[in-house]
Amino acid sequence: MEALIYFLLGALLSLMLACIIVYVYLSKYDFRFQYFDFRKLFSGRFKPKQVAVYYDEWHNEYAKYYGNVIQAWRPASEDELNLYTLNQAGLTDGMRILDAGCGYAGPATYFAQHLHATIDAVTISLIQNTTAKDRIGSLNLKGSLNLICDDYNNWVAAAAADTYDRVLFLESFGYAENAESLAPKLYRAIKPGGELFIKDFFKLELPENSFDRNTHALAIKNMDKVYLYNTLNLYHTIYIFRKHKFELIQIKKPEYMFDEYKVVNGFQDNNQIDLYEGRPKFFIVEPLELRFKKPLQ
Ligand SMILES: C[S@@+](CC[C@H](N)C(=O)[O-])C[C@H]1O[C@@H](n2cnc3c(N)ncnc32)[C@H](O)[C@@H]1O
């Protein structure tokens, strides 16, 4: 009996040791493993319901610091950003546009004020949706603006084929529940010749130096944790859309004068958010605009 107990204890200790060795080994070679967030346990992603609660709860803080546009990479003026987006995404009169993950519809309202277009602006947050509805009541719109509270994954899946001339994700594509399965649905919902415009932050390549590499991983993990995001990988994003027959027609950095994170810093400082946990800061993500076209068949 005593021998059996010693044997079991020995086996348990060996197993623990093996787990530690595997953990250390994987942490060294796969930074995602080292910084795994257990709230993403089952799908590896945050769920739309978790995101809805987050944006409802944080609504006042966003409104206070971000104004009407919840985008981190921005010039000093909201109107400049919205006009720039309107032009870059090629929005024109007569179009049917989907703004997926629209916040409280700051950009969508601007588009509807300046274009005779039909805009479906979808947010998962009920508070954002009602705030947008309250706001547009007093505004003069040229176009028609439909403010929808829904999960954009579902909205796109339910859209009739060839509905949209443009689909926009303005710092919101990282919330896609499953980008791989959303891509063919987007393809279906967009008209032939129509386009998908994604403006977002993409992970930079990992630094060579192991301290910087760890800091990079730490800051990305914290960024995802704080904003419930799934920070995008550029190559994977391009891969999934090409795989689903989209043509990549443009990729570039936004061309306006960046406001040096004034808005984001105010928001983070006021809420004691330090993505780098006291380490020296460096850029871990790059803001890019991606345009994909659904070819004319
Ligand atoms: C960083 S904010 C960007 C807001 C907006 N594009 C803007 O420029 O003001 C991300 C937005 O995506 C929305 N969102 C996140 N997941 C969503 C989902 N599954 N369906 C619809 N909206 C979603 C959030 O509610 C939030 O409004």
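Guide: What follows is a set of questions on how the terms apply to this model.
Guide: This is a predicted model, in which local features need pLDDT of at least 70, side-chain atom pairs count only at pLDDT 80 or more, and totals for chains, interfaces and linings use all residues. Residues are numbered from 1 along each chain as its sequence is written.

Visitor: Why is Met1 called exposed?
Guide: Met1 has 5 other C-beta atoms within 10 Å, so Met1 is exposed. Met1 sits in the segment before α1 (2–29). From Met1 to Ala219 the distance is 51 Å, C-alpha to C-alpha, at a separation of 218 residues in sequence.

Visitor: What share of the protein is buried?
Guide: Buried residues account for 34% of the 297 residues.

Visitor: What counts as a helix or a strand?
Guide: Both are DSSP runs numbered from the N terminus: helices are H or I with at least four residues, strands are E with at least two. The protein has 12 helices and 7 strands.

Visitor: What makes the strands a sheet, and in which order do they lie?
Guide: Two strands pair if DSSP finds at least two bridges between them. For β1 (residues 96–100) and β4 (residues 164–170), 3 bridges are found, so these strands pair; they run parallel. The 7 strands form an open sheet, β3-β2-β1-β4-β5-β7-β6, with mixed pairing.

Visitor: Why are β3 and β6 called edge strands?
Guide: β3 (144–149) and β6 (247–252) each pair on one side only.

Visitor: Which residues around the ligand come nearest?
Guide: A residue is near a molecule if its C-beta atom, placed from the backbone, lies within 6 Å of it. There are 23 residues around the ligand, and Gly101, Gly103, Tyr152, Leu170 and Tyr175 come nearest. The largest share of this shell, 3 residues, comes from α3. Elements that each supply at least two residues are α3 (48–57), α6 (106–114), β2 (118–123) and α8 (152–158).

Visitor: How is the shell around the ligand divided by residue type?
Guide: Ala, Val, Leu, Ile, Met, Phe, Trp, Tyr, Cys and Pro count as nonpolar, Asp, Glu, Lys and Arg as charged, and the others, Gly among them, as polar. On that basis the shell holds 12 nonpolar, 9 polar and 2 charged residues.

How values were computed. Buried ≥ 20, exposed ≤ 12 C-beta atoms within 10 Å, placed from the backbone.
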